[in-house]
Amino acid sequence: MKSALQVIAQTEQWVALYKPAGVSFHSESGPGMVVQAEQQLGLKLYPVHRLDKVTSGLLLLATSSVAAAELSALFASHQIEKYYLALSANKPKSKQGWVKGDMVPARRGAWKLQHSQQQPAVSYFISQGFVELPLRAFLIKPWTGKTHQIRVALKSIGAAIIGDELYGSAAADRVYLHAYALCFVWQGQRIELCCWPESGVEFGRLQSQFDTAWSSPWQLDWPEYRKPLALTPNINS
């Protein structure tokens, strides 16, 4: 029998659940995350964003088509702030910075980042190393929501996520990527949701060393992403 899904927060319009690592978002050989949640809560639920199978953490589901449209619009207009926690065994050249570029399919279902920026995946990361631990922690704020975006971003800076064999990392007890926090305004109320990963030996080791400033990631000084203006032809030339 499957364990009950953890409810992080719930209103009449939406529910925030903890998605365990390894649970599929869509139904495959068995019920996926959404179907499991519907069965447990006795509600019809509407996805408004998704998480990879290997990723754990916060998943927001609407309880009506109206709420789903409103939440989807908030995601599309970047009014829902998303923060991810990841671990790597490697140190990038820069401790923090932007990762931007178009993503194109690669081999074996993977993606790769290009230098072009026609429809770019955009993320900003900060990172921290530890004297006592042979790993580096990354806090990532994505501005877009491309498939495998964070996994590709960290791979591109030489810091593939621990356990992410698809992107060149060694095998581990899990892929160390976690949807850590969400922040948004809903019907005039500011919603701040944050949850620590419940699985993973390395996440467990990190917890005692964790930077308390990361406990409320929305309070950190994140730079704003400004989309480059499209070049327009000179009609006088």
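**Cavity, pocket and selected residues**

Author: The largest cavity has a volume of about 40 Å³. On a 1 Å grid over the protein atoms alone, a cavity is a set of points where a 1.4 Å probe fits but cannot get out, and lining residues have an atom within 4 Å of a point. Grid points are joined across faces, edges and corners, and the volume is the space filled by probe spheres set on the points. The model is predicted: local features need pLDDT of at least 70 and side-chain atom pairs count only at pLDDT 80 or more, while totals for chains, interfaces and linings use all residues. Residues are numbered from 1 along each chain as its sequence is written, and side-chain values use heavy atoms, with hydrogens and water left out.

Reader: How many cavities of 30 Å³ or more does a search of the whole structure find?

Author: The search finds 1.

Reader: Which residues line the largest cavity?

Author: The lining consists of His-49, Leu-51, Leu-58, Lys-82, Tyr-83, Tyr-84, Ala-179, Ala-181 and Leu-182. By class, 7 are nonpolar, 1 is polar and 1 is charged. Here Ala, Val, Leu, Ile, Met, Phe, Trp, Tyr, Cys and Pro count as nonpolar, Asp, Glu, Lys and Arg as charged, and the others, Gly among them, as polar. Strands β5 and β11 (177-186) each supply at least two residues of this lining; strands (E, at least two residues) and helices (H or I, at least four) are DSSP runs, numbered from the N terminus.

Reader: And the largest pocket: how much space lies in it?

Author: About 780 Å³. Of the 32 residues that line this pocket, Lys-82, Trp-143, Thr-144, Gly-145 and Lys-146 are the closest to its centre. A pocket is an open set of points with protein on both sides within 12 Å along at least five of seven lines.

Reader: Which elements each supply at least two residues of its lining?

Author: These are α2 (65-76), β5 (81-88), β10 (136-142) and α3 (149-156). The lining has 13 nonpolar, 10 polar and 9 charged residues.

Reader: Let us turn to Glu-38. Is it buried or exposed?

Author: Glu-38 counts as buried because its relative accessibility is 19%; buried means under 20% relative accessible area and exposed over 50%, with partly exposed in between (1.4 Å probe, protein chains only). Glu-38 lies in helix α1 (residues 33-41), whose buried residues also include Met-33, Val-34, Gln-36 and Ala-37.

Reader: What does the side chain of Glu-38 reach?

Author: It reaches the backbone nitrogen of Leu-45 at 3.0 Å. Not counting residues up to four places away in sequence, Glu-38 touches Leu-43, Lys-44 and Leu-45, where contact means heavy atoms within 4.5 Å.

Reader: Which strands do the buried residues of α1 pack against?

Author: They pack against β2 (14-19), β3 (46-47) and β4 (56-62). Just after α1, Gly-42 takes a positive phi of about 65 degrees.

Reader: Where does Glu-198 lie?

Author: Glu-198 is in the loop between β12 (189-194) and α4 (201-207), and with a relative accessible area of 54% it is exposed. Leaving aside neighbours within four places in sequence, Glu-198 is in contact with Gln-6 and Tyr-18.

Reader: And what is the relative accessible area of Lys-227?

Author: The value is 64%, so Lys-227 is exposed. Lys-227 is placed in the segment after α4.

Conventions
Polar contact = N/O pair within 3.5 Å; in protein donor to acceptor, adjacent residues only side chain to side chain.
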